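Let's take a walk through this structure together, with the sequence and the model side by side. Please have a look at them first.

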Amino acid sequence: MSALITISNLKKAYGSFTVLHGIDLDIAQGEVVCVIGPSGSGKSTLIRCINHLEAFDADSEITVDGIAVKPGRALAKVRAEVGMVFQSFNLFPHMTVLRNVMLAPMRVRHTKTSDAEKYARALLQRVGISEQADKYPGQLSGGQQQRVAIARALAMEPKVLLFDEPTSALDPEMVGEVLDVMKKLAGTGVTMVIVTHEMGFARQVADRVIFMDDGNIIEAGPPAQIFDQPVEARTKSFLHAVLDH
Amino acid sequence: MDLYSTFFNVPVLLASLPQLLSGLLVTLQIGITSIICGLIGGLFLAVTRLYAPVFVCAIVRLYIDIFRSIPLLVLLIVVYYALPFVGIRLSPFLSAVAALTLVSSAYTAEIFRAGIEAIPHGQFEASAALGLSNRHTMMDVILPQAIRIVIPPLTNNCINVMKDTALASVVAMPDLLKQATQAQALSANPTPLIGAALIYLILLWPMVVVVARLEKRYSKGKR
């Protein structure tokens, strides 16, 4: 099995505080990986390194589809292949929903306006908000905004989708609609790396669950193994704190 | 002689009006040219400061600090009376526009920088994650939002540039103020000066009102 993403010895520190202590991780084409762990464990930093939103140590190495992730010309190529969905949506507030989705294909891939619009409308349909296409992000609910953000990431037809706590900023009643869209995506063969606190979702959708703490991967495996038979004490106590209440 | 015929002498005013209006035209030419050049210069400086290597940023910073510190009148006199000694001989018009543009660029750069810094970091991150180049990030995402924020302070700066054009009269530029002082000398009556003051007011008062409105609207519109 060839890995689409390889991460080796990933280290990252803010001053004297080390966030990631040399992470090694390979992610296969089409795999859905959920990263769980307490806040401050480095899980967001880990996925933000994959598209180099965070710089990392010079002796660390990440490749996506064979391209090394490092500053320079190749980085644009990596970012075109890697879509990202943020906790706070980060939609462009001065553009309509439709323009938000059309922008990157037109600017980065030089897609014709008419083609970009057609594809954007199809994507908005797919995430269930085609009737909001001409509204501005500020007029939408949080759940709708996050679905637009997913459509915007999909517009670049990425090989990998990164989700950085996509439901953490949402009102509880809107979490479901976003997770539903993500579940559907997981079935399409796109590689997904998801940082989440939604354990039920992780158990249902993930091919592999990774538990992180203190900048290390403590335990990784299929959801059934991690959730039902965790080996490490820290995994057990985390799951105990999250699940039994 | 009563106050009225001294300061509001209608025949004198009417006689000097053509001269004042030709002065107004010159004032507008200097003002508008300097405003446009200052906007372009300021935007260029602000974006340079964001993306250029460290030493270029330091030069830009230095430029901004110097031209915000130097009195415009001093700069204008240096440009017009001192530069000819090193062979740079600018016309009164170009001297005025050059001095105003140099200073306006510095202020405008600071305004744009503040506007760009007010845009949430997530907008830069989302643009980067989509693979947009720096140029497209600026043109499509950041500047359209930043410009909305900086319209009130920019308009304010435009008002200042327009007012400062009056300094051009010291380099023999036949602008509104210069024409008014000449008309005053000719008619031995200060009415043309009052006329010029009124024209400045009529020109700039609406802009001041507009700025106040814009500031109110944008502070209300903030989320």
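Predicted model: local features only at pLDDT ≥ 70, side-chain atom pairs only at ≥ 80, totals over all residues.

Residues 59–83 of chain B are 88% helix and 0% strand, and here the end C-alpha atoms lie 22 Å apart.

Now turn to the place where the two chains meet. Chain B contributes 16 residues to the contact and chain A contributes 19. Together they bury about 1,600 Å², of which 64% is on carbon and sulfur atoms. On the chain B side, E125(B), A129(B) and L130(B) lose the most area to chain A, making up 36% of what that side buries.

E125(B) also takes part in a salt bridge with R48(A), at 2.5 Å from N to O. Between chain B and chain A there are 2 salt bridges, and 6 residue pairs are in polar contact across the interface. Which helices of chain B supply at least two residues each to this side? They are helix 6 (121–130) and helix 7 (134–164), and helix 6 gives the largest share, 8 residues. By type, the chain B side divides into 7 nonpolar, 6 polar and 3 charged residues.

Looking at the whole structure, you will find 19 salt bridges over all chains. One of them joins K159(A) and D65(A), with N and O 2.9 Å apart. This pair links distant parts of chain A, 94 residues apart: K159(A) sits in the loop between helix 5 and strand 7, and D65(A) in the loop between strand 4 and strand 5. K159(A) is partly exposed at 30% relative accessibility, and D65(A) is partly exposed at 36%.

Another salt bridge in chain A pairs D228(A) with R203(A) at 3.1 Å. Here D228(A) belongs to helix 8 and R203(A) to helix 7, 25 residues apart.

Finally, R49(B), R68(B), E110(B), R113(B) and E117(B) are joined into one network by salt bridges that share partners.

Methods:
Residues numbered from 1 in each chain as written. Chains lettered and ligands numbered in written order. Heavy atoms only, no water. Helix = DSSP H or I, 4+ residues; strand = E, 2+ residues; numbered from the N terminus. Contact = heavy atoms within 4.5 Å. Buried area = accessible area lost by both parts, 1.4 Å probe. Salt bridge = Lys/Arg side-chain N within 4 Å of Asp/Glu carboxyl O. Polar contact = N/O pair within 3.5 Å; in protein donor to acceptor, adjacent residues only side chain to side chain. Nonpolar A, V, L, I, M, F, W, Y, C, P; charged D, E, K, R; others polar. Buried < 20%, exposed > 50% of the residue type's maximum accessible area, 1.4 Å probe, protein only.
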